[in-house]
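Have the structure open as you read.

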Amino acid sequence: MKTWTPDASEHFEAWLGRVRLSIAGDPSVNADDVAQDLRAHVHAELEGMPEPVSVGALERVLASLGNPSQWSDVAREPHPNTADWITRNITDVVTAWQQKLADDWGLPVLLVVLTLFAIPTFDWIGAPLLVVAYFVARSCVNYSPHLLVGRRRLMIYFPLAVGAGLLTGLVLGFPLSFRSVSAEGYRNQFETLWVLGLWWILVGIVAAREPKHVRTALKPFAETFDTSHGRMLSLIGLAFLIASSVVLMS
Amino acid sequence: MSWTTQLRKGALELAILHALNGNRLYGYDIVRILRRYSGLMIADGTVYPILSRLKADGLVRTTIEDSPDGPPRKYYELTDVGRASLDEMNQAWEALVSSVEELRHAGHKAG
């Protein structure tokens with residue numbers, strides 16, 4: 001297989017990302033299938049070119065493939081009804097917006113700014129901003145893999161890390177919202193630990209039964225989460241439960 | 001969508017099925033065949049979304065094979081449904097072309 005310059009590789013992945021965006025609104029077309037064909041096409045076209053493949057050589061091949069937005073026009077069916085027409089147009093606007101921002105640092109910077117603004121104002125203003133930043137970042141991870149390079153990846157992961165951290169904290173610390181940890185003496189703290197232990201046992205059992213949902217909820221930070229991690233959480237909960245029971249009974 | 005784009009869309013789909021009739025080809029092979037016929041494709045890339053849709057519709061099936069020169073290649077071939085559709089599309093195409101030609105000549109005579 002031919003070697004490519006790092007710039008050419010990055011350029012190609014960015015272009016494939018734009019292709020995916022262009023055809024994302026067309027349910028009759030499988031973006032993975034198209035991307036796989038395009039990889040084979042581009043490599044075949046580059047046969048006979050000097051190594052390493054440069055951005056210039058790649059650009060010539062990509063130019064012969066044409067503008068991906070024209071392909072979807074060719075592939076798409078005419079709009080059958082008003083609801084579909086509205087959906088299609090909303091998708092087009094969102095896609096065009098994402099595509100425009102994806103060409104540079106716009107989207108990663110916007111996500112970091114939104115998240116940084118959301119954290120100190122986390123109430124009526126910050127919470128919705130964080131939710132928006134979180135879901136836009138999630139859509140980047142799913143549909144714009146070309147953005148997940150170098151510092152841009154760190155910037156896109158930032159709102160996801162904040163969101164995943166908050167979600168984990170809210171789920172694991174849920175019983176604390178009903179109990180005060182700070183004061184009311186030594187005995188109360190062990191009662192809290194007892195409730196927390198019981199809660200973690202339950203959460204661990206659910207997580208062990210449905211690890212896929214945990215991976216989805218905490219994407220991309222829990223890709224290796226499986227049943228054993230859920231069981232481990234239950235065991236930690238059991239340890240808390242036993243330890244606090246011993247103290248409370250003594 | 002313009003009239004020529006609509007027309008080209010249907011024709012390109014038919015042309016792809018013709019290219020695959022009796023052949024097992026990967027995407028780039030199909031593009032190379034279609035490049036020989038002017039006016040079928042605006043750009044090479046237009047072929048791939050159509051191939052994906054033909055697969056989703058069950059008109060073609062695919063097999064992946066490793067390539068010594070690059071990434072794995074996806075080979076396409078017609079299914080029985082695809083062959084039957086090709087026959088139907090050929091009949092529809094011939095009827096359409098013949099009707100339009102007939103009308104064109106009738107119009108010419110009348111004028």
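Predicted model: local features only at pLDDT ≥ 70, side-chain atom pairs only at ≥ 80, totals over all residues.

## Salt bridges within a chain

Across all chains, the count comes to 13 salt bridges. One of them pairs the side chains of Arg20(A) and Asp32(A), at 2.8 Å from N to O. Arg20(A) sits in helix 1 (residues 6-23) of chain A and Asp32(A) in helix 2 (residues 31-45) of chain A, so this pair ties together parts that are 12 residues apart in sequence. Arg20(A) is partly exposed, at 25% relative accessibility.

Over in chain B, Arg61(B) and Glu77(B) meet through their side chains in a salt bridge of 3.7 Å, N to O.

## A bridge between chains

Which residue of chain A does Lys74(B) form a salt bridge with? The partner is Asp33(A), with the closest N and O atoms 3.7 Å apart. Lys74(B) lies in strand 3 (residues 70-78) of chain B and Asp33(A) in helix 2 of chain A, so the pair joins two chains.

Lys74(B) is buried, at a relative accessible area of 2%, and Asp33(A) is buried too, at 10%. These two also belong to a salt-bridge network that links Asp33(A), Asp37(A), Lys55(B) and Lys74(B).

## A nonpolar patch

Now for the greasy bit: Trp194(A), Leu198(A), Leu202(A) and Ile205(A) make a nonpolar surface patch of about 350 Å². Leu198(A) lies in helix 9 (residues 185-209) of chain A and is partly exposed, with a relative accessible area of 37%.

Terms used. Residues numbered from 1 in each chain as written. Chains lettered and ligands numbered in written order. Heavy atoms only, no water. Patch = residues over 30% accessible without salt bridge, like charges linked within 9 Å, V, L, I, M, F, W, Y side chains within 5 Å. Areas by Shrake-Rupley, 256 points an atom, 1.4 Å probe, with all protein chains shown as cover. Salt bridge = Lys/Arg side-chain N within 4 Å of Asp/Glu carboxyl O. Helix = DSSP H or I, 4+ residues; strand = E, 2+ residues; numbered from the N terminus. Buried < 20%, exposed > 50% of the residue type's maximum accessible area, 1.4 Å probe, protein only.
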